[in-house]
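Hi everyone, thanks for coming. Let's have a look at this one together on the screen.

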Amino acid sequence: CTVIFTRLATRDLHKPISILFCNLAISDLFTSFSGFWISMLFITNPDITIFGSRDMLAPYALYTTSILSTIYNLVSIGIERYLAVAESMRTRFRVARNHSIAVVFINWVLAFFLGCLPLMGWNCLHAEKSISVLYSPFCVNYLIFIAIPNVVVAFIVPLFTYLRIIIILRKRKLRMKACGQATGTYKSAEIQVARTSIFIWLLALVSYAPFFAGVIFDATNQRCHIDLYPGVYIFRNCTAMLITINCLGNPILYTLKLRTLGAKLKALKCLSANRVRACTI
């Protein structure tokens, strides 16, 4: 909410990358909201989060949609950064505001379509044989269909884009150095991109790898719910907490540098105070 508020209030949304940042914050907000919804269902009726129920389809579908939207946004940000740095055959390709809006629209349409497939009928409410143990009443084949390609995309595409950015910056630095010009800007940019990409990878690895491992376990497991209680469900809850931590880490990595955030909030506070003073006068 802080990311969305500060970017809307300071008119940063005019920049293409800011649109992606703001949309990432919306995706994280949906993830937190759907996780809270599932937690409330667990508090009121714990059995339906273990054995499955039709009531779990909607919150799980929203949870899946928000996670997919977050992944697609992270990939889009990596590609946008690459296009902003890389040079095409003749001229540099500039990402316009309309491009970012179109990407946001496509990301949400794809996320909603894939996330809401259980609501459209791909569920195991009446098919006990292929039901998921961890995320009932989802089907195991649906979880595999969702998890494997998206996890691959979440790891491979950012790896390619950020490595390419580092290589491009290093080549430019060497070219500038050969011409006897200063290379401090490219060196600092290279270090910053390398550091950010490492943090992105670590956060994604810590957040999504346990969930992916849980899906693999779910696909290979043949035991019933009671036999796995409570250890496996504690692991499931921990994976949900890690995904929530990812939602908290994304703003810090991509948008909220503490000094910048403090300065913006202070500026907004001063602006509000000046308006109140002007209205009083």
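Helices here are DSSP runs of H or I with at least four residues, numbered from the N terminus. H4 covers residues 57-85 and H5 covers 97-115, and they pack at about 145° with axes 8 Å apart. Those axes are lines fitted to C-alpha atoms over the stretch in contact, and angles run from 0 to 180 degrees between N-to-C directions.

Who touches whom, with contact meaning heavy atoms within 4.5 Å? Among them are Leu 68 and Tyr 72 on H4, and Trp 108 and Phe 112 on H5. By class, that contact has nine nonpolar, seven polar and no charged residues.

Before going on: this is a predicted model, where local features need pLDDT of at least 70 and side-chain atom pairs count only at 80 or more, while totals for chains, interfaces and linings use all residues. Residues are numbered from 1 along each chain as its sequence is written, and side-chain values use heavy atoms, leaving out hydrogens and water.

Confidence is highest in H5, at 90, and lowest in H10 (residues 258-280), at a mean of 51.

Note on methods. Helices (H or I, at least four residues) and strands (E, at least two) are DSSP runs, numbered from the N terminus. Contact means heavy atoms within 4.5 Å. Ala, Val, Leu, Ile, Met, Phe, Trp, Tyr, Cys and Pro count as nonpolar, Asp, Glu, Lys and Arg as charged, and the others, Gly among them, as polar. pLDDT is the predictor's confidence in each residue, from 0 to 100.
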